[in-house]
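Open the model in your viewer and keep the selection tool ready. The tour goes stop by stop.

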Amino acid sequence: MRKVLNSILFKINSLSILKQITFGFAAVILLASLLLMLPISSRSGQWTPYLTALFTATTSTCVTGLTVVDTYTYWSLFGQIIILLLIQIGGVGFITLAISALTLTKKKIGLRQRLAAKEISGASQVGGIVKITRFIIFGTLLVEAVGSFLLSFCFVPKLGFLKGFYFAVFHSVSAFCNAGIDLMSSFKNGPSLIAFRSDFFFIITIMALIILGGLGFLVWKDVIECKFRFKKFRLQTKIVLVTTFGLILGGALLIYLFENGGRAFGGLSQGDSILSSFFQSVTTRTAGFFSVNLPLLKDSTILIMCVLMFIGGSPGSTSGGIKTTSFAVLFMSIFLVFRKKQNVELFKRRISKDAVYSACCLMMLFFGLIISSCTIISYVDGVPILYCLFECTSAVATVGLSMGITPELSRLSKVILIILMYIGRVGALTMLMTFTKKCEKVESKYIEEKIIVG
């Protein structure tokens with residue numbers, strides 16, 4: 001038995017860092033799906049169909065939020081705790097948690113573990129990765145604890161101390177990790193956060209948790225170390241902050257203009273309409289909560305939300321999408337062409353061409369995945385293409401918003417969404433590099449020839 005285990009460990013260690021990350025997430029999902037199948041995981045005490053368990057394990061670990069069964073009414077307390085643990089593992093990263101556990105036991109952390117943690121956290125170098133890992137863990141626990149404390153003021157008066165505190169912890173973790181999985185069907189006043197959409201304190205707390213989770217751990221570190229002085233921030237921090245708040249304001253304005261007076265905002269005051277616009281702008285990019293009935297939204301709003309989901313959060317965060325930095329680089333590339341410059345420039349710094357190429361590659365990979373997937377789902381299940389576009393974008397960007405069609409989809413379509421969620425969390429570029437051979441950079445020896453573009 002010991003020889004078998006040693007052989008397995010040797011094979012795992014012989015894998016590349018990217019393969020360890022890719023297969024590590026898959027292993028967590030598969031193990032969790034087996035646990036969720038057990039009768040103890042469901043309220044009915046019956047075995048759960050494997051596809052339902054696999055879908056739930058994937059959406060939890062990939063911090064997406066798409067569900068095929070209601071989290072509160074279907075899963076038992078045991079099942080919900082498994083889901084909560086998966087959200088935490090998926091949000092922080094299982095390698096980050098593993099390194100933190102090793103530091104507590106005072107065991108030596110090897111180079112391969114440090115490299116893996118570097119890839120997960122988005123750090124620029126291996127040096128100091130253990131300190132960064134500790135910062136991520138303690139920062140996460142601190143923010144989630146504060147969020148739980150604040151949310152308990154909303155839940156405890158309605159549900160009692162134990163259940164109210166449990167709800168506060170669950171939704172704090174789900175919001176910070178940008179999962180968007182909720183237990184709100186307990187209130188029977190509409191799905192997700194519709195029952196609380198006029199509660200300013202509750203909505204602002206959830207928004208703050210989502211934004212903090214979506215900014216990225218390294219951004220917090222930089223902001224704290226520079227004592228909130230913008231001029232001293234690293235370039236990535238500046239890009240992330242400006243792009244994030246620009247998207248929040250722009251998205252809120254467009255949602256408000258399109259939906260004010262519409263069916264989705266029906267019965268809301270002007271103040272609640274503005275609050276809902278900002279909340280949807282925040283949650284659409286990173287989390288899966290919603291405070292309005294999504295199927296009642298206008299087609300123009302749905303398309304805007306697809307764009308926001310496509311962009312997503314920031315590198316090294318708990319969110320998905322092509323990331324705010326990629327969007328900023330691609331957006332500034334437009335001015336590069338018009339001004340006939342050789343490089344993209346931001347905040348008096350030059351962006352490397354490799355970053356521009358990676359952003360273009362990432363955008364095309366996401367675009368190809370979304371278009372091909374929504375075309376197949378629309379054909380197989382006969383669902384309107386706009387709804388399929390919304391669902392597929394939500395899956396690959398690990399957002400979790402839904403038009404309510406996911407539970408009714410065929411098995412093939414659900415498997416497609418599972419694959420999209422997995423690729424979105426692990427990273428499209430990570431997946432691509434995992435299964436391609438390493439190639440050295442070689443300058444082309446061919447003659448350059450210009451072509452007409454546009």
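A residue counts as buried under 20% relative accessible area, as exposed over 50%, and as partly exposed in between. Keep that scale in mind; the model you are viewing is a predicted one.

**Stop 1: the salt bridges**

How many salt bridges does a search of the whole structure find? There are 2.

Select Arg234 and Asp222. Their side chains meet in a salt bridge, at 4.0 Å from N to O. Arg234 sits in the loop between helix 11 and helix 12 (235-259), while Asp222 belongs to helix 11, so the pair ties together parts 12 residues apart in sequence. Now apply the scale. Arg234 has a relative accessible area of 37%, so it is partly exposed. Asp222 has 6%, so it is buried.

Next, select Glu225 and Lys221. Here, too, the side chains form a salt bridge, at 2.5 Å from N to O. Both residues lie in helix 11 (residues 217-225), 4 residues apart, or about one turn of the helix. Lys221 is partly exposed, because its relative accessible area is 21%.

**Stop 2: two packed helices**

Select residues 50-61, helix 3, and residues 77-92, helix 5. Their axes are 7 Å apart and cross at an angle of about 40°. The two helices are therefore oblique to each other.

Show the side chains at the contact. From helix 3 come Thr56, Ala57, Ser60 and Thr61; from helix 5 come Ile83, Leu86, Ile87 and Gly90. What kinds of residue make up this contact? It has 4 nonpolar residues, 4 polar ones and no charged ones.

**Stop 3: the nonpolar core**

Select Phe155, Phe202, Ile206, Leu294 and Phe390. In the largest nonpolar core, which has 117 residues, these five touch the most other members. Helix 10 (residues 200-215) gives this core its largest share, 8 residues.

Zoom in on Phe202. Leaving aside residues up to four places away in sequence, Phe202 touches Leu151, Cys154, Phe155, Met184, Leu193 and Phe196.

**Stop 4: two loop residues with positive phi**

Select Val63, in the loop between helix 3 and helix 4 (71-74). Its phi is near 40°, a positive value in a residue other than glycine. Is Val63 buried or exposed? Val63 counts as buried, because its relative accessibility is 0%.

Finish at Asn178, in the loop between helix 9 (161-176) and helix 10. Asn178 is also a non-glycine residue with positive phi, near 60°. Asn178 has a relative accessible area of 0%, so it is buried.

Technical notes
Residues numbered from 1 in each chain as written. Predicted model: local features only at pLDDT ≥ 70, side-chain atom pairs only at ≥ 80, totals over all residues. Heavy atoms only, no water. Buried < 20%, exposed > 50% of the residue type's maximum accessible area, 1.4 Å probe, protein only. Axes fitted to C-alpha atoms, helices over the stretch in contact; angles between N-to-C directions. Parallel < 35°, antiparallel > 145°, perpendicular 65-115°, else oblique. Contact = heavy atoms within 4.5 Å. Nonpolar A, V, L, I, M, F, W, Y, C, P; charged D, E, K, R; others polar. Core = buried A, V, L, I, M, F, W, Y, C linked by side-chain atoms within 4.5 Å.
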